[in-house]
Amino acid sequence: MKSIDIEKKLDNITEKITERLCEEGFINSAYYDREGYYRKKELIKNFYIPKTSITKLASRILYSIGLNSASHTIVGAGTYTGHAISWLISESKAKFVYALDIDPAATRIAVDNFSNFKPKPNCINIDAESWLCQYDGSIDILYIDVDTIDDGKKKYVDILEAAYEKISANGIIIAHDINEEKFQEDMVAYKKVIANSGKFKNSINLNIDDFGLAITKKK
């Protein structure tokens with residue numbers, strides 16, 4: 001299949017997923033701006049992007065969520081060099097964006113990546129859980145992609161618990177790698193937490209690639 005045909009197929013899939021997310025109340029509109037996505041792609045092509053970053057389909061989904069969400073504050077936990085969160089914030093109206101990562105080298109690269117980007121996130125080299133515990137503002141979208149040598153993806157629960165009281169009513173939590181095979185044991189506790197109907201309105205597992213995105217809406 002030609003590259004242009006693959007891109008069109010991904011766009012068509014994104015439109016359907018965007019419609020589903022809107023129908024289930026995760027986002028405010030079912031509009032996927034294809035032309036806008038490709039304009040941002042031209043800007044982001046100058047980013048340093050690690051091989052372990054998100055897929056083309058996931059980038060479209062994050063772009064669409066950001067475009068169709070009324071977000072004042074977006075926080076990314078484990079944003080590494082910033083590729084994933086760049087799509088989430090590229091069309092958002094967020095006034096405050098925080099990109100948190102414990103790796104100092106990755107954070108320096110993220111700062112360089114976002115040098116000509118708007119909105120420009122505050123890239124902070126810090127343990128995300130510690131930052132969230134100290135943070136006293138609200139959060140409308142929380143993106144989680146923390147991966148540590150000792151704990152793998154087990155810190156997802158700690159991140160969510162540290163942020164929970166600060167996440168606004170109807171706020172969105174996005175967890176990357178929810179379906180990656182090597183992290184399935186790590187994700188058991190997180191999946192149990194987001195299934196709690198007392199705390200969350202809805203949760204959906206987008207099995208869009210080998211990694212997946214879990215989208216959860218707080219009550």
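The side chains of Asp145 and Lys153 are joined by a polar contact of 2.6 Å. In this predicted model, the side chain of Asp145 also makes a polar contact with the side chain of His176, at 3.2 Å.

- Asp145 sits in the loop that runs between strand E4 (139-144) and helix H7 (156-163).
- Asp145 has a relative accessible area of 17%, and because the limit for buried is under 20%, Asp145 counts as buried.
- With neighbours within four places in sequence left aside, the contacts of Asp145 are Ala77, Gly78, Lys153, Tyr156, His176 and Asp177.
- Two of these residues have the side-chain polar contacts named above: Lys153 and His176.

- In soluble globular proteins, nonpolar side chains tend to be buried together.
- The largest nonpolar core here is made of 38 residues, and Leu21, Ile174 and Ile215 have the most contacts inside it.
- Helix H3 (residues 56-67) gives the most to this core, contributing 6 residues.
- Apart from this core lies another one of 30 residues, which includes Tyr98, Ile144, Ala163 and Phe183.
- Ile215, one of the residues with the most contacts inside the largest core, touches Leu21, Phe26, Ile65, Ile172, Ile173, Ile174, Asn202, Ser203, Ile204 and Leu206, leaving aside its neighbours within four places in sequence.

**Aromatic pairs**
- The structure contains 14 aromatic pairs.
- In the pair of Tyr37 and Tyr38, the ring centres are 5.3 Å apart and the planes stand at 85 degrees, so the arrangement is edge-to-face.
- An angle of over 60 degrees between planes is what edge-to-face requires.
- Tyr37 is buried, at 1% relative accessible area, whereas Tyr38 is partly exposed, at 28%.
- Tyr37 and Tyr38 belong to one aromatic cluster together with Tyr32, Tyr63 and Trp87.

**Lysines over aromatic rings**
- Lys40 is placed over the face of Phe117, at 5.8 Å from the ring centre.
- Lys199 is placed over the face of Tyr164, at 5.0 Å from the ring centre.

Key:
Residues numbered from 1 in each chain as written. Predicted model: local features only at pLDDT ≥ 70, side-chain atom pairs only at ≥ 80, totals over all residues. Heavy atoms only, no water. Core = buried A, V, L, I, M, F, W, Y, C linked by side-chain atoms within 4.5 Å. Buried < 20%, exposed > 50% of the residue type's maximum accessible area, 1.4 Å probe, protein only. Helix = DSSP H or I, 4+ residues; strand = E, 2+ residues; numbered from the N terminus. Contact = heavy atoms within 4.5 Å. Polar contact = N/O pair within 3.5 Å; in protein donor to acceptor, adjacent residues only side chain to side chain. Phe/Tyr/Trp six-rings, centres within 6.5 Å; stacked < 30°, edge-to-face > 60°. Lys NZ or Arg CZ within 6 Å of the ring centre and 35° of its normal.
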